[in-house]
Amino acid sequence: MNTDQTRLARKNLDRRLSKLDREAVAWPPFGWIRAIREALGMTPTQLAKRMGVARPRIHELERAEKTGATTLKSLRQAAEAMDCTLVYAFVPNGSLDNIVQKRAQRKADERLTRLEHTMRLENQTPDQSDLADERERLRQDILNGSPRKLWDDA
């Protein structure tokens with residue numbers, strides 16, 4: 001994907017994800033299966049029957065969801081048995097664009113730190129306004145470059 005496509009995809013996803021309420025989709029303490037099942041007034045036995053599994057399987061599912069060891073397939077089956085739809089998403093901690101901007105700033109700062117160190121060793125200490133200008137230039141270069149290189153650690 002080229003830089004323009006990546007920016008457009010990021011903007012598109014940001015718009016879609018901004019509609020999600022992070023609090024509303026936060027995991028209940030005992031997991032979604034148990035929370036929804038209990039809110040519906042459904043017993044584990046009743047859910048098991050609706051799913052076509054043995055009752056102990058419901059306790060296994062609830063325990064596995066709580067520990068993060070469940071599968072999407074199991075979650076989907078439980079959701080359907082409770083007349084729900086499983087929604088699976090990664091919800092960024094801020095906009096995707098802000099994540100990219102922060103990463104570019106961090107990479108620019110790392111590069112600038114190495115550059116500044118080299119210049120001081122050569123007794124050519126730059127002034128603060130020059131450093132600020134260079135930091136912004138580096139950040140823009142990083143943002144305008146390959147999006148994949150943004151995530152390289154080197």
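Trainee: Is Tyr 88 buried or exposed?
Mentor: Tyr 88 is exposed, because its relative accessible area is 54%. The cut-offs are under 20% for buried, over 50% for exposed and partly exposed in between, with a 1.4 Å probe and protein chains only. Bear in mind that this is a predicted model: local features need pLDDT of at least 70, side-chain atom pairs count only at pLDDT 80 or more, and totals for chains, interfaces and linings use all residues. Residues are numbered from 1 along each chain as its sequence is written, and side-chain values use heavy atoms, leaving out hydrogens and water.

Trainee: How many aromatic pairs are there?
Mentor: One aromatic pair. Rings of Phe, Tyr and Trp (its six-membered ring) pair if their centres lie within 6.5 Å; planes under 30 degrees apart are stacked, over 60 edge-to-face, the rest tilted.

Trainee: Why is the pair of Tyr 88 and Phe 90 edge-to-face?
Mentor: Because their planes are at 70°, with the ring centres 5.9 Å apart. Phe 90 is exposed too, at a relative accessible area of 67%.

Trainee: What about a charge over a ring? Which residue sits over Phe 30?
Mentor: Arg 34. Its charged end is 4.2 Å from the centre of the Phe 30 ring. The rule wants NZ of Lys or CZ of Arg within 6 Å of the ring centre and within 35 degrees of the ring normal.

Trainee: Which residues lie nearest its centre?
Mentor: Trp 27, Trp 32, Leu 86, Val 87 and Tyr 88, out of 23 lining residues. Helix α5 gives the most to the lining, with four residues. Helices are DSSP runs (H or I, at least four residues), numbered from the N terminus.

Trainee: Where is Trp 32, and what does it touch?
Mentor: Trp 32 is in helix α2, residues 32–39. Not counting residues up to four places away in sequence, Trp 32 touches Ala 24, Val 25, Ala 26, Trp 27, Arg 37 and Glu 65. Contact here means heavy atoms within 4.5 Å. The C-alpha atoms of Trp 32 and Glu 65 are 7.9 Å apart, although 33 residues separate them along the chain. Trp 32 is partly exposed, at 33%.

Trainee: And the core? How many residues has the largest one?
Mentor: Eleven, including Ile 33, Met 42, Ala 48, Ile 58 and Met 82. Two or more residues come from each of α3 (44–51), α4 (55–67) and α5 (72–81). Another core of nine residues lies apart from it, with Val 100, Ala 108, Leu 143 and Leu 150 among them. A nonpolar core joins buried Ala, Val, Leu, Ile, Met, Phe, Trp, Tyr and Cys residues through side-chain atoms within 4.5 Å.

Trainee: Last one. What is the phi of Asp 83?
Mentor: Positive, about 60°, although Asp 83 is not a glycine. Asp 83 is in the loop between α5 and α6 (96–121). Asp 83 is exposed, with a relative accessible area of 71%.

Definitions and conventions:
On a 1 Å grid over the protein atoms alone, a cavity is a set of points where a 1.4 Å probe fits but cannot get out, and a pocket is an open set with protein on both sides within 12 Å along at least five of seven lines; lining residues have an atom within 4 Å of a point.
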